[in-house]
Amino acid sequence: MHPWKQVLGTRSASIALLAAVGAGLLPVAIVLPAIAQRPPVAVAQANVTIAQEILRLVNVERQRVNAPPLVLNDKLTAAAQRHAQDMATSRRMSHTGSDGSTMRSRIDATQYNWSTIGENVAMGQPTAAAVVAAWMSSPGHRQNILNPAFTELGVGYATGANRPYWAQVFARPR
């Protein structure tokens, strides 16, 4: 049973309780225990060490096929980090954000002017080496990593429920 139903019971009781809280008639603490049961999300805010290691590993793979090396971009990293955090918070891996956002909308929100973009996401791999190995074992993810059209990279990493969530955003500026 969903924690809200355990605390609030029926729909009419839920509406009455939420209305009372919203009107200031009941303290918010009555509602919060159900929310507090969920473990907090730990977010590595644009972890430079992780981003540098992902970049290094990706560029090793690109060098093997004579693709030019990528460089980290702060705006792409912001888009990737927001998406990794969102996946960790919602406890689901997807290219679509919990708010319906897409790779394109997340990148556009950073005001990065792009000509081509791509994205890789993953969940569960404990290290940068493990996640890059997993991506390289998947044809679509491998294609993004080795695509010579991409010149810049953003990296995001967050943990939720003790699981790592990863996001890579690839692009070429206009």
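The legends below describe close-up views of the nonpolar cores and aromatic pairs in a predicted model.

**View 1. The largest nonpolar core and the elements that line up to supply its residues.** Of the 21 residues in this core, those that touch the most other members are Ile54, Val132 and Trp166. At least two residues each come from the helices α4 (48–64), α7 (128–136) and α8 (139–146) and from the strands β4 (152–160) and β5 (163–173), and the element that gives the most is α4, with six residues.

**View 2. The stacked aromatic pair of Phe150 and Phe170, one of two aromatic pairs counted in the model.** The ring centres of Phe150 and Phe170 are 5.4 Å apart and their planes meet at 25°, so the pair is stacked, given that planes under 30 degrees apart are counted in that class.

**View 3. The tilted aromatic pair of Tyr157 and Trp166.** In this pair the distance from centre to centre is 4.6 Å and the angle between the planes is 50°. Both Tyr157 and Trp166 are buried, and Trp166 is also among the residues that touch the most other members of the largest nonpolar core.

Note on methods: Residues are numbered from 1 along each chain as its sequence is written. This is a predicted model: local features need pLDDT of at least 70, side-chain atom pairs count only at pLDDT 80 or more; totals for chains, interfaces and linings use all residues. Side-chain values use heavy atoms; hydrogens and water are left out. A nonpolar core is a set of buried Ala, Val, Leu, Ile, Met, Phe, Trp, Tyr and Cys residues joined through side-chain atoms within 4.5 Å. Buried means under 20% relative accessible area, exposed over 50%, partly exposed in between (1.4 Å probe, protein chains only). Helices (H or I, at least four residues) and strands (E, at least two) are DSSP runs, numbered from the N terminus. Rings of Phe, Tyr and Trp (its six-membered ring) pair if their centres lie within 6.5 Å; planes under 30 degrees apart count as stacked, over 60 as edge-to-face and the rest as tilted.
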